[in-house]
Amino acid sequence: MARRGSYAKGVARREEILESALDVIGRKGYQNASLKEIAEVVGVTPAALLHYFGSKEELFTEVLRKRDEHDGLDPSGLSDAEARTGFIEVIRHNTEVPGLVALFSRLSVDAADPDHPAHEYFLDRSARLRESIADSFGAEERRSALDPDTLARVIQAASDGLQLQWMIDPSVDMPGIMSALIDALHPPAPPAAD
């Protein structure tokens with residue numbers, strides 16, 4: 001019985017660490033968020049953080065998973081317009097958390113190495129995102145010159161590229177540009193005739 005309670009406490013502590021790290025990185029940025037500061041917010045030592053996550057890279061990978069959980073939009077059952085709006089809202093939200101955008105971009109480059117702890121996360125996330133976009137934008141009458149899978153790859157590539165441009169020049173209007181690109185690649189359905 002004590003073992004089960006200990007496990008539940010460990011899971012709760014892990015969640016507390018992830019939420020705190022998400023907050024610290026979102027506010028201070030990836031470069032300025034140290035393990036020491038994250039540990040202080042939670043009330044543990046940096047060594048305790050590594051007990052729960054193994055390495056800084058694993059912690060940061062789990063922070064991105066937590067961010068995805070917070071930003072999550074379940075596309076099942078959504079119309080094309082609802083999926084489009086949800087995707088643009090996530091991009092708009094990213095402009096409010098530059099530290100998390102920097103973390104995502106940095107880890108995505110590092111994760112090109114198959115041995116990096118975030119490699120599988122990025123493979124899985126990319127596949128799920130493309131599937132979601134392809135399902136959402138390919139479900140209704142075809143209005144795009146691109147097949148759904150190609151459309152999904154182009155949208156994902158443009159979104160990731162715009163994040164890099166925005167980190168260099170915060171005046172880049174990521175949501176506006178992505179909205180215009182999606183409209184150009186997959187025009188909205190015409191209004192129903194009365």
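Buried residues make up 40% of the 194 residues in the protein chain, where buried means under 20% relative accessible area, exposed means over 50% and partly exposed lies in between, with a 1.4 Å probe and protein chains only. The model is predicted, so local features need pLDDT of at least 70 and side-chain atom pairs count only at pLDDT 80 or more, while totals for chains, interfaces and linings use all residues. Residues are numbered from 1 along each chain as its sequence is written, and side-chain values use heavy atoms, with hydrogens and water left out.

The overall layout can be read along the sequence. The protein chain holds 9 helices and 0 strands, in the pattern α-α-α-α-α-α-α-α-α. Here helices (H or I, at least four residues) and strands (E, at least two) are DSSP runs, numbered from the N terminus. Of the contacts in the protein chain with a separation of 6 or more, 67% are between residues 24 or more positions apart; contact means heavy atoms within 4.5 Å.

Helix packing comes next. Helix α2 (residues 35-42) and helix α3 (residues 46-53) have axes that come within 8 Å and cross at roughly 90°. Such axes are lines fitted to C-alpha atoms, for helices over the stretch in contact, and the angles run from 0 to 180 degrees between N-to-C directions. The helices α2 and α3 are therefore roughly perpendicular to each other, given that angles under 35 degrees count as roughly parallel, over 145 as roughly antiparallel, 65 to 115 as roughly perpendicular and the rest as oblique. On the α2 side, Leu 35, Lys 36, Ile 38 and Ala 39 meet Pro 46, Leu 49 and Leu 50 of α3. This contact of α2 with α3 has 6 nonpolar residues, no polar ones and 1 charged. In this grouping, Ala, Val, Leu, Ile, Met, Phe, Trp, Tyr, Cys and Pro count as nonpolar, Asp, Glu, Lys and Arg as charged, and the others, Gly among them, as polar.

Phe 60, Thr 61, Val 63, Leu 64 and Arg 67 of α4 make the contact with Leu 100, Leu 103, Phe 104 and Leu 107 of α6. By class, these residues are 7 nonpolar, 1 polar and 1 charged. From α6, the contact uses Pro 98, Val 101, Ala 102, Phe 104 and Ser 105; from α8, Asp 160, Gln 163, Leu 164, Trp 166 and Met 167. The contact of α6 with α8 divides into 7 nonpolar, 2 polar and 1 charged residues.

Phe 104, Tyr 121 and Phe 122 form one aromatic cluster, and a search of the whole structure finds 2 aromatic pairs. The rings of Tyr 121 and Phe 122 have centres 4.8 Å apart and planes at 80°, so this pair is edge-to-face. Rings of Phe, Tyr and Trp (its six-membered ring) pair if their centres lie within 6.5 Å, with planes under 30 degrees apart counted as stacked, over 60 as edge-to-face and the rest as tilted. Both Tyr 121 and Phe 122 are buried.
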